[in-house]
Amino acid sequence: MGIETEKEHQIFNWGFQDPFDLILTLFDKLHSGLNLALLTIFRIDQGMGHLSVPTFRAFRLALIQLRVSSIKSENVTRACSLIREATAQGAKIVSLPECFNSPYGTKYFPEYAEKIPGESTQKLSEVAKECSIYLIGGSIPEEDAGKLYNTCAVFGPDGTLLVKYRKIHLFDIDVPGKITFQESKTLSPGDSFSTFDTPYCRVGLGICYDIRFAELAQIYAQRGCQLLVYPGAFNLTTGPAHWELLQRGRAVDNQVYVATASPARDDQASYVAWGHSTVVNPWGEVLAKAGTEETIVYSDIDLKKLGEIRQQIPITRQKRSDLYAVETKKP
């Protein structure tokens, strides 16, 4: 048995093929006085036979519901100002909404597209470093090698680009008499998953329409994520019907926190966002929810609650892997 210390984690290499068998074994051996909740939120390093034990710290999450205009520089400046405001209120992880620097629409994506790193993401890097926070940069239209993507860039407290996530499920829908939209007219889909670690938890990323695909959330949960963040811009048709429902579903199914950051509603825009940025806990309870105006939503996240829920309803170790599985085709 080898034990090594790596940053915020202790890695235990016990060679279990299914790490959750190890967790169950530890449950059986623990004395009643120990905190069982902590064992239910181990991080699994897939394919390595390793079990990572994170350091648990409660933290404040902030979602910036930004009113997006047609002037990119104003959007970026106002976003940075609100990031500073959120930090002053104690936020350690901050998320911007989908398309925070650009109006949402296929005709706008080519005009507003940037490289990453580029003008907008450079500002995000600078403000993340200034405020010493983890910053989830909503999304921007990204240009790369002649293709356009709907991309989220995440920056660490030192301003470093930690991960870049490209929306993998494009928003192509047709609800007769209500809304028709086809992102694929101008955008290309991403083809990879993105997670990042903080001293508080592991975070998995999706963008808007991605939340409809339960498999993505399941994969992130399998990879040890305790918080899923979806910058998104649902509309006045899908928003009232499915926005909160999908968040609560993903949270309960995977016993994780789910957060969504929407643009503020602008009734004069060509695409009117639903708003209502939200945080949901693993029990499916809405912890915080915005209205439609520009605002900042705060929620204090305590992973002990997550651990308690996973202990009380231990669905992860009750899954019938002999009958079904969600598999990934790429890392």
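Visitor: At the start of α7, which backbone nitrogen does a side-chain oxygen of Asp-302 reach?

Guide: That of Lys-304, with the oxygen coming to within 3.1 Å. Keep in mind that this is a predicted model.

Visitor: And how do I read the rest of that helix? Which residues of α7 are buried?

Guide: Start with the general idea: an α-helix has 3.6 residues a turn, so residues three or four places apart point the same way. Now the case here. Helix α7 covers residues 303–312, and its buried residues are Leu-303, Leu-306, Gly-307, Ile-309 and Arg-310. Looking down the axis of α7, you find them within an arc of 165 degrees, so they line one face of the helix.

Visitor: What covers the buried residues of α7?

Guide: The cover includes α6 (238–254), β16 (257–261) and β19 (295–301).

Visitor: On to strands. In what sense do β17 and β18 pair?

Guide: Antiparallel, over 3 bridges, with β17 at residues 278–280 and β18 at 286–289. Take Val-279: its bridge partner in β18 is Ala-288. The hairpin has 5 residues between the strands, and Gly-284 there takes a positive phi near 90 degrees.

Visitor: Now the cysteines. How many disulfides does a search of the whole structure find?

Guide: A disulfide is a covalent bond between the sulfur atoms of two cysteines. The search here turns up 0.

Methods: Residues are numbered from 1 along each chain as its sequence is written. This is a predicted model: local features need pLDDT of at least 70, side-chain atom pairs count only at pLDDT 80 or more; totals for chains, interfaces and linings use all residues. Side-chain values use heavy atoms; hydrogens and water are left out. Two strands pair if DSSP finds at least two bridges between them. Helices (H or I, at least four residues) and strands (E, at least two) are DSSP runs, numbered from the N terminus. Buried means under 20% relative accessible area, exposed over 50%, partly exposed in between (1.4 Å probe, protein chains only). The arc is that of the directions from the helix axis to the C-beta atoms. Contact means heavy atoms within 4.5 Å. A polar contact is a pair of N or O atoms within 3.5 Å; within protein, one must be able to donate a hydrogen and the other to accept it, and residues adjacent in sequence count only if both atoms are side-chain atoms. A disulfide is a pair of cysteine sulfur atoms within 2.5 Å.
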